[in-house]
Amino acid sequence: MAMLEVRDLSVNYGVIQAVKNVSFEINQGEIVTLIGANGAGKSTIVKTISGLLKPKSGQIFYLGKEIDHKSAPQIVSAGISQVAEGRHIFAGMTVMENLQMGAFLQKNHDEVSKTYKEIFERFPILQKRRSQDAATLSGGEQQMLAMGRALMAKPKLLLLDEPSMGLSPLYIQEIFKIIKELNEKGTTILLIEQNAKQALSIADRGYVLATGVVQLSGTGQELLANPEVQKVYFGG
Ligand SMILES: Nc1ncnc2c1ncn2[C@@H]1O[C@H](COP(=O)(O)OP(=O)(O)OP(=O)(O)O)[C@@H](O)[C@H]1O
């Protein structure tokens, strides 16, 4: 059984059909990437998995249970956390306060303290900046904070929407390294990226989306070697 199964999913914004009969699955322990141009429907899929949008038709199953009718907090409680595109940290709050917001569903204080420790080990810069307002962080640090905040909920499945967006090459390398390490430590990952080459090189499997439809799928290596992917995404 797949950890997450998206089955024949269609999502509309009014009359705009953003996602059309999309099906894919994520197995426990995998990094799966969805790649595609602007407007392909990637963010819409992520928002629908995390309960922020409702499908027009189709179903989403998580660990065998249908979740597409559940609320966003119920989905976080079930073990799925999202890091939204553009990060959306709370700019007027400190780093520590932002992390606290990520633990809003955690009742066990000892467990929360342990999670802080793990986050600070993973992102030492956040510990260094813990009393600073989040607005004063660099773009890369804000991305780390957004990831750290999502990890405070101890997700089994982490949804990352364009984590490399707007970052300098050095930070992009760092973020991809962290994603790989998180996965090696047991977090299953859905990675949405425009940075197709890097996403496919760390992904077990990938799906290529165009105008709301899955056009290609395969292992990360197969898609990297695919002439069509090379032409469209890597410039030939
Ligand atoms: N709130 C909205 N209202 C109306 N249409 C929307 C809305 N959000 C997205 N869309 C449309 O839905 C389609 C899919 O958008 P989506 O943001 O899911 O694509 P994406 O692949 O994530 O693109 P990007 O890489 O630019 O974030 C696009 O045609 C977009 O214009």
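This is a predicted model: local features need pLDDT of at least 70, side-chain atom pairs count only at pLDDT 80 or more; totals for chains, interfaces and linings use all residues.
1. Glutamine 82 has leucine 159 as its bridge partner in S7. The two strands involved are S6 (residues 80-83) and S7; they run parallel, and four bridges join them.

2. S7 also pairs with S8 (residues 188-193). This pairing is parallel too, with five bridges. Within it, leucine 158 stands opposite isoleucine 189 of S8. To get from S7 to S8, the chain passes through helix H7 (residues 169-184).

3. How many residues of S7 are buried? Five of five, across residues 157-161, and the strand is mostly covered. In a regular strand, side chains alternate between the two faces of the sheet. In S7 both faces are covered. Leu157, Leu159 and Asp161 lie on one side, Leu158 and Leu160 on the other, and all are buried. Note the aspartate: Asp161 is buried along with the leucines.

4. Check the backbone at glutamate 162. Its phi is positive, about 50 degrees, yet the residue is not a glycine. Glutamate 162 sits in the loop between S7 and H7. Is this residue buried or exposed? Glutamate 162 has 22 other C-beta atoms within 10 Å, so it is buried; the cut-off is 20 or more.

5. Asparagine 21 is placed in strand S2 (residues 16-26). Asparagine 21 counts as partly exposed because it has 14 C-beta neighbours inside 10 Å.

Notes:
Residues are numbered from 1 along each chain as its sequence is written. A residue is buried if 20 or more other C-beta atoms lie within 10 Å of its own, exposed if 12 or fewer, and partly exposed in between; C-beta atoms are placed from the backbone. Two strands pair if DSSP finds at least two bridges between them. A crossover is right-handed if, with the strands pointing away from the viewer, the path from the first strand over the helix to the second runs clockwise.
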